[in-house]
Amino acid sequence: MGRNTRKRRTPLATKAIAASAALALGGGGLIWANFYASAHESGPDQNRTRSAGVQIATIDCPDVGQKLTEVPGQARGEVDGELATMDQQITEAYQRLATTRDAQARDAAFVQNAILQPLKDRRKVLIDRIQLEINRVGGNASEDLDNLSGCTGTPAEQPQTNDGEAGQDQGGDGQDQGDGQDQGQDGDGQDQGDGQDQGDGQDQGNGQAGNGPTADDFVDITQVQANAQPGVGANGLKANGRSGSRGTFTTRCGTNSNDNHNTDNVIVAPGVSNGAHHLHDYVGNQNNDAFASDQDLAGAQTTCQNQGDRSSYFWPVLRLQDGTQDFDQNNAGGGTEGNVGKILEPVQAQLKFVGNKRGPVVAMPQALRIITGDAKAFVNGNGNANVNWSCTGFENKVQLKDKYPICPEGSDVVRTTNFQSCWDGQNIDSANHRTHVAFVQADGTCANGFKAIPQLQVRLVYDVPPPTVENGQVVNPYAVDTFPEQLHKPITDHNDFINFFSTRLMNKMVNCINNGQRCA
């Protein structure tokens with residue numbers, strides 16, 4: 001069940017990132033085009049949000065990685081590398097989209113001919129490589145992957161949006177959010193020539209210089225009808241009621257006050273620098289980067305008070321876009337890819353494990369990897385989204401999935417994530433990093449012979465100055481870091497975990513939970 005050390009790998013199109021970095025002005029990061037203004041607007045009083053459909057706002061590409069449920073272990077390293085290069089290609093295409101607004105206004109076919117068709121051709125090359133790599137080691141790559149090469153241009157409209165609704169049952173089979181259970185459901189360099197320009201300029205009123213978020217991404221939480229599931233506690237998490245394994249285990253690992261950040265993702269893009277294209281906070285394990293092997297992680301230092309917990313907990317940083325820049329304003333994954341603003345450290349980071357309402361839990365295997373939520377949910381749809389946004393004092397009333405809350409005075413922003421808590425009993429990871437774990441069914445049981453494991457619940461609290469909405473634009477917004485084409489939508493929030501509890505401490509956790517105790 002172990003993983004081999006990955007060879008160092010960088011995306012094929014590194015040169016394009018360097019070219020993008022050259023667009024940074026005065027340390028302010030890449031100037032992204034304002035997607036909410038028509039190319040023909042001439043006055044500041046135009047209703048920019050209304051004209052969102054006039055221009056293509058972002059690029060929607062099929063998520064090839066999610067379709068790869070069967071990849072032989074011998075091919076995983078190469079396939080993960082090709083998928084990371086595919087993400088790099090999308091980033092480059094999006095940057096080209098963002099910096100050629102004048103050319104697009106002059107030529108209606110520009111986006112298709114100069115951006116989408118070249119992107120399709122490059123993606124087809126990588127898909128062919130993925131199929132060859134799978135077949136070469138005895139696998140059976142689906143020919144249907146060829147249908148995933150084409151991308152489309154879309155306006156900045158939230159897919160499947162439900163304004164102000166709770167972050168619950170994100171497209172699943174009625175999964176239960178209650179009783180402590182889970183919610184949700186489960187390259188070559190690109191030419192930067194021919195008509196590249198700075199678009200409509202930098203628009204601080206719409207956050208991230210036009211790359212999002214927008215006013216429509218925010219809601220005054222005091223104006224949202226109560227929608228939280230019955231039984232949500234004051235801290236937004238649930239105990240397990242009066243049945244099953246009712247105990248809890250809390251591990252205290254800090255709030256990343258030592259600023260451990262990187263833009264890698266060792267789960268989905270091992271061996272690839274900047275594989276996430278956005279910055280992560282890390283607590284617990286201090287050696288998590290793209291090149292860390294299981295042996296590296298097992299022997300690393302930890303910020304957890306109990307040194308038996310060397311697990312890695314990581315999530316995209318939250319930034320305040322008030323004009324303040326941070327250390328990565330000119331870095332890949334930071335300002336050169338649209339992630340700008342002051343990084344906010346949580347004032348609280350609660351890491352709690354709870355049980356299963358139908359029965360006992362079993363120990364997690366060492367090096368088990370779980371990702372929850374979908375960093376690409378804005379274009380992928382809500383099938384794997386798993387988001388809860390709220391404010392302190394409102395968590396038992398309102399939980400949001402596709403809106404950032406504007407909290408009243410004295411109330412803090414809260415991000416809560418409940419992880420999958422069913423495991424296939426065999427694998428520490430899977431080809432698409434999802435199918436080896438699952439959410440519980442509506443009755444709290446695990447399907448398909450999966451075993452119940454302790455459920456990780458992560459609650460992050462932030463002291464965020466409330467943004468304001470003026471004339472249809474948001475002023476001083478906050479947002480999670482995202483892939484550039486995801487436009488910093490709240491639905492893209494996600495969370496990652498790699499288990500490196502010692503055997504002794506994991507057994508203590510399981511005993512505490514199964515015996516109904518509260519341990520820390």
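Which residues form one aromatic cluster?

A: Happy to take you there. Please keep in mind that this is a predicted model, in which local features need pLDDT of at least 70, side-chain atom pairs count only at pLDDT 80 or more, and totals for chains, interfaces and linings use all residues. Residues are numbered from 1 along each chain as its sequence is written, and side-chain values use heavy atoms, with hydrogens and water left out.

The cluster is formed by Phe249, Tyr313, Phe353, Phe497 and Phe501. The structure holds 10 aromatic pairs (rings of Phe, Tyr and Trp, the last by its six-membered ring, pair if their centres lie within 6.5 Å; planes under 30 degrees apart count as stacked, over 60 as edge-to-face and the rest as tilted). Tyr313 and Phe497 make a tilted pair, 5.3 Å centre to centre with 40° between the planes. Tyr313 belongs to strand 7 (residues 312-316) and Phe497 to strand 22 (residues 494-498), so this pair ties together parts that are 184 residues apart in sequence. Helices (H or I, at least four residues) and strands (E, at least two) are DSSP runs, numbered from the N terminus. Both partners are buried: Tyr313 has 1% relative accessibility, and Phe497 has 0%. Here buried means under 20% relative accessible area, exposed over 50%, and partly exposed in between (1.4 Å probe, protein chains only).

His488 is placed in the loop between strand 21 (478-480) and strand 22, and has a positive phi of about 60° although it is not a glycine. His488 counts as buried, at 0% relative accessibility. Asn256, in the loop between strand 4 and strand 5 (261-262), also has a positive phi, of about 65°, and is not a glycine either. Asn256 is buried too, at 4% relative accessibility. For context, most residues other than glycine have a negative phi, and most peptide bonds are trans. Gly212 and Pro213 are joined by a cis peptide bond, with omega about 0°; Pro213 lies in the loop between strand 2 (152-154) and strand 3.

The charged end of Lys376 sits over the ring of Phe483, 5.1 Å from its centre, and that of Lys397 sits over the ring of Phe394, 5.6 Å from its centre. The criterion is that NZ of Lys or CZ of Arg is within 6 Å of the ring centre and within 35 degrees of the ring normal. Lys397 brings us to Gln225: their C-alpha atoms are separated by 8.1 Å, although the two residues are 172 residues apart along the chain. Gln225 lies in the loop between strand 3 (218-220) and strand 4 (248-251) and is exposed, with a relative accessible area of 69%.

Stepping back to the whole protein chain, the secondary structure comes to eight helices and 23 strands. Of its 520 residues, 61% are buried.
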